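Have the viewer open and follow along.

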Amino acid sequence: MDLKIKGKFALVCASSKGLGFSVAESLLEEGCNVLITSRNDQNLEDAKVKLLSKKYSGAVESFKCDLSKKDDVIKLFKKASSLSDNIDILVNNCGGPTPGNFDEIDMNDLEIALNNNLKNTIFLTKMIIPIMKENNWGRIVNITSSSAKQPIDNLILSNITRSGIISFAKTISNEYARFNIMINNIMPGRIITDRIREIANNKNGDLEEILDSMGRDLPIMRLGKPEEFGPIVAFLCSEKASYITGNSIQVDGGLIKSLF
Ligand SMILES: NC(=O)c1ccc[n+]([C@@H]2O[C@H](COP(=O)([O-])OP(=O)(O)OC[C@H]3O[C@@H](n4cnc5c(N)ncnc54)[C@H](OP(=O)(O)O)[C@@H]3O)[C@@H](O)[C@H]2O)c1
């Protein structure tokens, strides 16, 4: 299926690795021009080399930016605006918050989680949505977590911030649908990346055994792969997803057991 987004400009946040990288790759496969970001020059360079080696038709640019810092987010917006008149696609993403239960987290952890996993999404969206409105076309996908739907033990900061994003996205999706701006969330469950390794590392025991058992717990009986994630986001970013907005889609191998 041709997703009909060839030549569109996409900003994919936190995309040197993991889920963000898989989204960048899928959008490039569809012919988009993609701006990738992360905090680390080397990680960005490595990601760019991997993406360029695939010889996609679209351009790959990178920009170093710590999404927890407001000034960096403004610089990122300026960089994206300098590369393209239109920012057609925005994928909001950032590193996950510190694991822990209510006893273990402090107010500093909360502040960091709010900056990383809630405020920067709102701030970046606030700057970019007028461009999409002017263009009468836009796609925004927020990478959240299954924790938004079913809170996860020992991940209280994720549980709090992700549900905030879902509520934010639903609210603004109602305001901007008439401008052909579709705003959706994606809720990963257990897709094998550094983040899942970090969470597994937090438990006692052999890392590989813990990862194995995290996979076996799921109806699909294995962890997900990043390449099973990126294409779903690319679809939501596409012309073909022109009647889907305000939704939250699980990519979780059946982790969440509720009907809706
Ligand atoms: N993997 C899953 O199954 C899963 C499940 C539920 C939720 N999630 C959530 O989905 C998001 C992405 O997860 P992932 O698995 O892809 O994680 P990951 O493999 O750890 O990758 C995180 C990416 O974000 C970048 N990053 C981290 N903090 C940043 C910051 N402050 N500013 C800019 N870039 C930053 C990292 O690059 P640098 O280190 O170079 O900055 C890296 O490219 C996280 O919020 C995670 O909690 C993932």
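**Notes on the fold**

1. Contacts first. Among contacts in the protein chain between residues at least 6 apart in sequence, 74% join residues at least 24 apart. Two residues are in contact here if their C-beta atoms, placed from the backbone, lie within 7 Å.

2. A word on what you're looking at. This is a predicted model: local features need pLDDT of at least 70, side-chain atom pairs count only at pLDDT 80 or more, and totals for chains, interfaces and linings use all residues. Residues are numbered from 1 along each chain as its sequence is written.

3. Overall build. The protein chain has eight helices and seven strands; helices (H or I, at least four residues) and strands (E, at least two) are DSSP runs, numbered from the N terminus. The C-alpha trace spans about 50 × 40 × 40 Å along its principal axes. A compact globule of 260 residues would have a radius of gyration near 18 Å, and the 17 Å of the protein chain agrees with that. That radius is taken over C-alpha atoms, and the globule rule is 2.2 Å times the number of residues to the power 0.38.

4. Burial. Of the 260 residues, 43% count as buried. The cut-offs: buried means 20 or more other C-beta atoms within 10 Å of the residue's own, exposed means 12 or fewer, and partly exposed is in between, with C-beta atoms placed from the backbone.

5. The ligand. It is surrounded by 31 residues, of which A14, G18, G95, G96 and T193 are the closest; a residue counts as near if its C-beta atom, placed from the backbone, lies within 6 Å of the molecule. Helix 1 (18-29), strand 2 (33-38) and helix 6 (194-201) each supply at least two residues of this shell. By class, the shell has nine nonpolar, 16 polar and six charged residues. Ala, Val, Leu, Ile, Met, Phe, Trp, Tyr, Cys and Pro count as nonpolar, Asp, Glu, Lys and Arg as charged, and the others, Gly among them, as polar.

6. The core. The largest nonpolar core has 58 residues, and A10, V12, L27, V34 and V91 touch the most other members. Helix 1 gives the largest share of this core, six residues. Such a core is a set of buried Ala, Val, Leu, Ile, Met, Phe, Trp, Tyr and Cys residues joined through C-beta atoms within 7 Å. Leaving out residues up to four places away in sequence, L27 touches A10, V12, C32, V34, I89, A234 and C237.

7. Strands 1 and 2. These run parallel, joined by four bridges; strands pair if DSSP finds at least two bridges between them. A10 has V34 as its bridge partner in strand 2, and V12 stands opposite I36. In strand 1 (residues 9-12), F9 and L11 point one way and A10 and V12 the other, all of them buried. Strand 2 is largely enclosed by the rest of the structure, because six of its six residues are buried. N33, L35 and T37 cover one side, with V34, I36 and S38 on the other.

8. E30 is in the loop between helix 1 and strand 2 and counts as buried, with 24 C-beta neighbours inside 10 Å. Beyond residues up to four places away in sequence, E30 touches L3, I5, K6 and A234. N43, in helix 2 (residues 41-53), is partly exposed with 17 such neighbours. The C-alpha atoms of N43 and E30 are separated by 23 Å, though the two are 13 residues apart along the chain.

9. Two asparagines to check. Most residues other than glycine have a negative phi. N154, however, has a positive phi of about 65°; it is found in the loop between strand 5 (138-143) and helix 5 (156-176). N180 has a positive phi of about 60° and lies in the loop between helix 5 and strand 6 (181-188). N154 is partly exposed, with 14 C-beta neighbours inside 10 Å, and N180 is partly exposed with 16.
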